[in-house]
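Subject: Structure handover

Hello,

Here is the structure for your files. My notes follow below it.

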Amino acid sequence: MSLVGSVSEEMSNSSENQVESLPQSIEEKHQELVVSHVPIVSSFNERIRPLLDAVDKLRHLQVMKEGIQLPTIVVVGDQSSGKSSVLESLAGISLPRGQGICTRVPLIMRLQHHTAPEPELSLEFNGKTVPTSEAKIANAISLATDEIAGSAKGISNTPLTLVVKKNGVPDLTMVDLPGITRVPVHGQPENIYEQIADIIMST
């Protein structure tokens with residue numbers, strides 16, 4: 001065999017080996033990337049949870065009334081614009097539904113990733129904690145709201161805290177505010193718009 005033929009054969013074999021090893025190399029790199037992402041997510045959750053807990057404790061102490069600003073994710077928008085639907089998707093639960101204004105108090109949603117198979121839900125308001133379940137959460141929120149803001153259609157700036165410990169939810173705390181009502185309906189105070197604007201600005 002000539003030198004040229006030998007070199008050509010070696011180059012051909014080398015190319016075939018490279019082509020055969022290419023998918024394996026890509027797969028190995030993909031697996032390596034996937035594995036490398038897991039510790040990053042875990043590390044992030046371990047770092048962010050203590051910070052969220054500290055902010056929640058400060059909010060519970062009502063330090064904002066002293067002029068101390070806390071980082072807060074607030075959901076704001078017109079009435080019936082889909083704010084609660086977004087929160088339902090994040091938390092995997094059902095919130096109160098109905099005609100008119102449903103969120104009548106600031107609803108603080110504390111989502112916590114929970115490894116246990118059964119979720120744990122509770123409501124905190126007026127200095128007490130009320131355990132509830134996924135099936136009863138919407139009714140429990142409505143009853144707690146009536147206790148805080150009355151059974152009419154008025155609103156209140158007294159917060160209601162919903163704690164959701166559930167497998168798969170993000171470690172996140174958000175505040176769902178009453179929807180902006182520009183024209184009061186029957187049973188609502190004439191200055192409903194100003195009341196909601198005050199709650200939004202003070203949150």
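Buried residues make up 33% of the 203 residues in the protein chain; buried means under 20% relative accessible area, exposed over 50%, and partly exposed in between (1.4 Å probe, protein chains only). The model is predicted: local features need pLDDT of at least 70, side-chain atom pairs count only at pLDDT 80 or more, and totals for chains, interfaces and linings use all residues. Residues are numbered from 1 along each chain as its sequence is written, and side-chain values use heavy atoms, with hydrogens and water left out.

The protein chain has four helices and six strands. These are DSSP runs, numbered from the N terminus: helices are H or I with at least four residues, strands E with at least two. The order from the N terminus is α-β-α-β-β-β-α-β-β-α.

Now the cores. A nonpolar core is a set of buried Ala, Val, Leu, Ile, Met, Phe, Trp, Tyr and Cys residues joined through side-chain atoms within 4.5 Å. The largest has 23 residues, and those with the most contacts inside it include I93, M109 and L160. Helix 2 (83-91) and strand 2 (107-113) are among the elements that each supply at least two of its residues. Helix 3 gives the most, with six residues. Apart from this core lies another, of nine residues, V175 and I180 among them.

T173 counts as buried because its relative accessibility is 9%. Its contacts (heavy atoms within 4.5 Å) include R49, D56 and M109, leaving out residues up to four places away in sequence. T72 is 101 residues from T173 in sequence, yet the C-alpha atoms are 7.6 Å apart.

Best wishes
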